Amino acid sequence: MNCKLKMRVIFLLKNLFTSWALFCGLFLIMVGNGLLGVIIGLRANNAEFGTISIGLLMGGYFLGLFLGALFVPKIVSNVGHIRTFGALSAIASSAALLHIINQDPIFWTLIRILTGFTYSGIYIVVESWLNEKSNNKNRGQILSFYMIISMGGFGIGQILGGFENETDNFLFILVSILVSIAVVPMLITASKAPDFSAPESLTFKRLYHISPLGLIGMLFNGLTISMTNGMGIIYAINIGMSPLQSSIFLASLNIGNLILQYPIGKLSDILDRRVVILIVSFMAFLITGIAFFYSSNFLVLFFLMGFYGGFSHTIYSLCIAHTN
């Protein structure tokens, strides 16, 4: 290993170590997020909300993500990363418990919008922190670690959701506990948060001129991820899977992402990221076509969805790295 490569590795490890509190808090929050998404889907299906109502309900989360992206940067600019992370975590913890109060699709949709808003802010805190501590030579690898931890936690939460028992509310309480504890590492860390100022607003036209692939790639990747994570549990139940099988089926997407995220991120730091994005997009497309013919075989579908998640979910971090 030459001296230049050693310096790169040391710099990468140093940045990862100084951000341990951020990663730890993110992991716990994502476990809670994955768990909450599964139990809401199962409860809504058991309550016979209807497919359209469930789609709107699950889509509320992504509307909240959009609203958070508009307003949270200003909050981070005013009070800083750590305070924003703590405040949004507290709101997300409370939102999980609100589902217990009233099992109504409209009420739950409003809660999902609130939850999406808080998670959008958490993502902004984490990603702006990591972008500040990385450069073009290691950004793909650092963002890959971010995606590994977030999707790994999300997948664990989805598997836990398979033990849902609609006669009690223990899992809702567990989500609240996990999200509440997540803020502790951030509050006790000695690491200095990076400076942050609210970014200047960009029109879609301007952003397209800056990075057309980044904009279009994240747009369509967001659509596919929202569909699979939002309605995947309902699809699995409707084709005859048990709640535990359904949660494992959904988690397979994130297990595949966990395994392939870093190798693909590392590859994107070596090759042209546009070429890597093209390759993984084509592989995801190919696998969905194959999976269509194996919907009745749980084991085959599990592996196919794992590969699909490994390729499709990496597109997000690749597009972020490319745009930066």
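This is a predicted model: local features need pLDDT of at least 70, side-chain atom pairs count only at pLDDT 80 or more; totals for chains, interfaces and linings use all residues.
**Entry 1, fold.** I began with the secondary structure. I counted 13 helices in the chain and zero strands. Reading along the sequence, I wrote the pattern down as α-α-α-α-α-α-α-α-α-α-α-α-α.

I looked up how much of the chain is buried. The chain has 324 residues, and 49% of them are buried, with under 20% relative accessible area as the cut-off. I then took the contacts with a separation of 6 or more; residues 24 or more positions apart account for 84% of these.

I noted an accessible surface of about 15,500 Å² for the chain. Carbon and sulfur atoms hold 71% of that surface.

I turned to the second largest pocket and recorded a volume of about 330 Å³. Its lining consists of 15 residues, and those closest to the centre are Thr-228, Tyr-235, Phe-249, Ala-291 and Met-305. I checked which elements give two or more residues to this lining: they are helix 9 (212-238), helix 10 (243-270), helix 11 (273-291) and helix 12 (298-312).

**Entry 5, lining.** Which helix gives the largest share of the lining of the second largest pocket? I found that helix 9 does, with five residues. I also sorted the lining of this pocket by residue type. Eleven of the residues are nonpolar and four are polar, and I found no charged residue among them.

Technical notes: Residues are numbered from 1 along each chain as its sequence is written. Side-chain values use heavy atoms; hydrogens and water are left out. On a 1 Å grid over the protein atoms alone, a cavity is a set of points where a 1.4 Å probe fits but cannot get out, and a pocket is an open set with protein on both sides within 12 Å along at least five of seven lines; lining residues have an atom within 4 Å of a point. Grid points are joined across faces, edges and corners, and a volume is the space filled by probe spheres set on the points. Helices (H or I, at least four residues) and strands (E, at least two) are DSSP runs, numbered from the N terminus. Ala, Val, Leu, Ile, Met, Phe, Trp, Tyr, Cys and Pro count as nonpolar, Asp, Glu, Lys and Arg as charged, and the others, Gly among them, as polar. Buried means under 20% relative accessible area, exposed over 50%, partly exposed in between (1.4 Å probe, protein chains only). Contact means heavy atoms within 4.5 Å. Accessible areas come from the Shrake-Rupley method with a 1.4 Å probe; for residues, only the protein chains shown count as cover.
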